[in-house]
Amino acid sequence: MIKTVTALFREDFYLSTCEASVTGILENGGIELDQTCFYATSGGQPGDTGFLERDDGSRIAIAGTRHGATKDVIIHVPAGGQPSPAIGEKLVLHIDWPRRYRLMRMHTACHLLSVVCPFPITGAAVGEDESRVDFDMSETIDKDQVTAALMKLVDENHPVYVQWITDEELAANPGIVKSKNVRPPMGLGRVSLVCIGKDSAVDSQPCGGTHVSETQEVGAIHIAKVEKKGKENRRFRIRFGSPEDRAAV
């Protein structure tokens, strides 16, 4: 029997800890819980790491989080040599918050890049220090101009929030999907739209990742490189910091 989980991160991106009960242990050691604040790898964003705290204060280190057979199954993958909890055991979950927050800032930056470069997205990967977004485009573009446009959106401090639509509403409006190769997180009955700006004035697109609540939180970012990956494909690499000061912030 597949055990579904309440994914608390979908409602609160800033929730870094919660309580949960163990509902299953897989043969490979993966841990299933009745609810979780750990984001599972999806849409180019890595899953959370952190630890599960037991009643006696000992910890089970979590090296990654992924989905099971469906999106409503989330598996917490322990690091090597960790003890296994018992079914029904109550735990306190703690995500690696500094890491998650950097990923939230980066993921939001990727959305801003898709506003500055309004071309179909062919691929993306969110990282702690560098992210990449691939666009279906052949135009020559100046990375410094893109950086300036990105920082303008950051400094304007637009609100970032989520609205929910049904799977049917998304199917009836396929034009809101920017990605050519990755489909939005459907199958749960509803889809999250990440909106930027009052009344979605800046952007609105389906996305199941985690994001900051206002663009100013992204901080200083810049386009480090634009790579040609084919006749009509350009890869943009986003990094924290300014072009002059490339140290991560």
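User: In what order do the 3 strands of the open sheet stand?
Analyst: This is a predicted model, in which local features need pLDDT of at least 70, side-chain atom pairs count only at pLDDT 80 or more, and totals for chains, interfaces and linings use all residues. Residues are numbered from 1 along each chain as its sequence is written, and side-chain values use heavy atoms, with hydrogens and water left out. Strands (E, at least two residues) and helices (H or I, at least four) are DSSP runs numbered from the N terminus, and two strands pair if DSSP finds at least two bridges between them. The pairing here is antiparallel, and the order is E11-E12-E13.

User: Which strands stand at the edges of the sheet?
Analyst: An edge strand here has a single partner strand, so one side of it is left without a neighbour in the sheet. That applies to E11 (160–166) and E13 (203–206).

User: Which residue of E13 is the bridge partner of Ile 196?
Analyst: Strand E12 (residues 190–196) pairs with E13 in the antiparallel sense over 4 bridges. The partner of Ile 196 in E13 is Asp 203.

User: At about what angle does helix H1 run to E13?
Analyst: Axes are lines fitted to C-alpha atoms, for helices over the stretch in contact (heavy atoms within 4.5 Å), and angles run from 0 to 180 degrees between N-to-C directions. H1 (residues 97–116) lies across E11, E12 and E13, and its angle to E13 is about 115°.

User: How many of the 20 residues of H1 are buried?
Analyst: Buried means under 20% relative accessible area, exposed over 50%, and partly exposed in between (1.4 Å probe, protein chains only). H1 is mostly covered, the buried residues numbering 15 of 20.

User: How many residues apart in sequence are the parts tied together by Glu 89 and Arg 54?
Analyst: These two form a salt bridge, their closest N and O atoms being 2.8 Å apart; the term means a side-chain nitrogen of Lys or Arg within 4 Å of a carboxyl oxygen of Asp or Glu. Glu 89 lies in the loop between E7 (74–78) and E8 (90–95), and Arg 54 in the loop between E5 (50–53) and E6 (59–67), so the separation is 35 residues.

User: Which residues join Arg 237 in one salt-bridge network?
Analyst: Arg 237 forms a salt bridge with Glu 130 at 2.9 Å between the closest N and O atoms, and another with Glu 227 at 3.3 Å. Salt bridges that share partners join Arg 237 with Glu 130, Lys 225, Glu 227 and Arg 239.
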